[in-house]
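This report goes through the strands, the helix contacts and the aromatic rings of one protein model. Please keep the sequence and the structure in view while reading.

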Amino acid sequence: MMSIKGFIFDLDGVLTDTAEYHYRAWKRLAGELGIPFTREENEALRGIPRRESLLLLLKGRTLPEATLNELMERKNGYYLEYICEISPRDVLPGTRELLSEIRAAGLKAALGSASKNAREVIERLGIADLLDAVADGYSVTRQKPAPDLFLHAAALLGLAPAECVVVEDAAAGVEAALAGGFAVIGIGPRERVGKAHVVLPNLAGARLADLLAQLPVHV
């Protein structure tokens, strides 16, 4: 059995909660298109890349590719407006402590997020220096639930999937991590992330030794 040498963290819902900003941006776009859009529908977009999210929002409406691209850029513009409000106070409880503990233990940490704005967000959060690598929406062609993003993050760390733990809050992300051969910690309700090896409501109070002890492959 390989020992765990690295952690790969999703961004939204794990290190910070930008779901509200995404919801506001999609809601604004949907309103301009005359399409009803609820918070419940926004939950279905969790962990899903921008294009797939737009197609779900359109609910079967067919538009030219050029129009889809314009709408994606418009939504992203709205989101960028909103994330200007993000600061270190928006790091979720337990996150900074766990990242610091991982570094102190000589382990590596990476970001594995489908967001194309991930680098800007971690800079605004003030945690970029606690991450050894960033895999984001620009890193791979196939996004979650394909395992490519996490495989890329592991490669950036110089580690095999079996040496890494993925921390995810989306069903698509958990599926991607399992498909890639990673140990998985799910953040959120069991009905969403119950397939993960360990399920936690959040990272508040999470200790590295306790997490490793609960995983199927651990030090």
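## The sheet

Two strands pair if DSSP finds at least two bridges between them. The model described here is predicted. In it, strand β5 (residues 183-187) and β6 pair in the parallel sense over three bridges. Within this pair of strands, I187 has L200 of β6 as its bridge partner.

These two strands belong to an open sheet of six strands, whose order is β3-β2-β1-β4-β5-β6 and whose pairing is parallel. The edges are taken by β3 (133-135) and β6 (198-200); each has a single partner strand, so one side of each is left without a neighbour in the sheet. On average, and with direction ignored, neighbouring strands are turned by 20 degrees against each other. Strands of a sheet pair through backbone hydrogen bonds.

## A helix across the strands

Helix α5 (residues 95-104) lies across two strands, β1 (6-9) and β2 (108-112). Its direction is at about 155 degrees to β1.

## Helix α4 and its contacts

How do helix α3 (residues 50-58) and helix α4 (residues 65-83) pack? Their axes are 10 Å apart and the angle is about 105 degrees. Angles of 65 to 115 degrees count as roughly perpendicular, and α3 and α4 are therefore roughly perpendicular to each other. On the α3 side the contact is made by R50, R51, L54, L55 and L58, and on the α4 side by E65, L68, L71, M72, E73 and N76. Six of these residues are nonpolar, one is polar and four are charged.

Helix α4 also packs with helix α6 (residues 118-125), at an angle of about 10 degrees and with the axes 11 Å apart. That angle makes α4 roughly parallel to α6. Here Y79, L80 and I83 of α4 meet E120, V121 and R124 of α6. The residues of this contact divide into four nonpolar, no polar and two charged.

## Aromatic pairs

The structure holds three aromatic pairs. One of them is formed by F7 and F9, which are stacked, with 6.1 Å from centre to centre and 20 degrees between the planes. F7 counts as buried because its relative accessibility is 0%. F9 is buried too, at 1%.

Another pair is F150 with F182: the ring centres are 6.2 Å apart and the planes are at 70 degrees, so the pair is edge-to-face. F150 lies in helix α7 (residues 148-157) and F182 in the loop between α8 (171-179) and β5, so the pair ties together parts 32 residues apart in sequence. Both F150 and F182 are buried.

How values were computed. Residues are numbered from 1 along each chain as its sequence is written. This is a predicted model: local features need pLDDT of at least 70, side-chain atom pairs count only at pLDDT 80 or more; totals for chains, interfaces and linings use all residues. Side-chain values use heavy atoms; hydrogens and water are left out. Axes are lines fitted to C-alpha atoms, for helices over the stretch in contact, and angles run from 0 to 180 degrees between N-to-C directions. Helices (H or I, at least four residues) and strands (E, at least two) are DSSP runs, numbered from the N terminus. Angles under 35 degrees count as roughly parallel, over 145 as roughly antiparallel, 65 to 115 as roughly perpendicular and the rest as oblique. Contact means heavy atoms within 4.5 Å. Ala, Val, Leu, Ile, Met, Phe, Trp, Tyr, Cys and Pro count as nonpolar, Asp, Glu, Lys and Arg as charged, and the others, Gly among them, as polar. Rings of Phe, Tyr and Trp (its six-membered ring) pair if their centres lie within 6.5 Å; planes under 30 degrees apart count as stacked, over 60 as edge-to-face and the rest as tilted. Buried means under 20% relative accessible area, exposed over 50%, partly exposed in between (1.4 Å probe, protein chains only).
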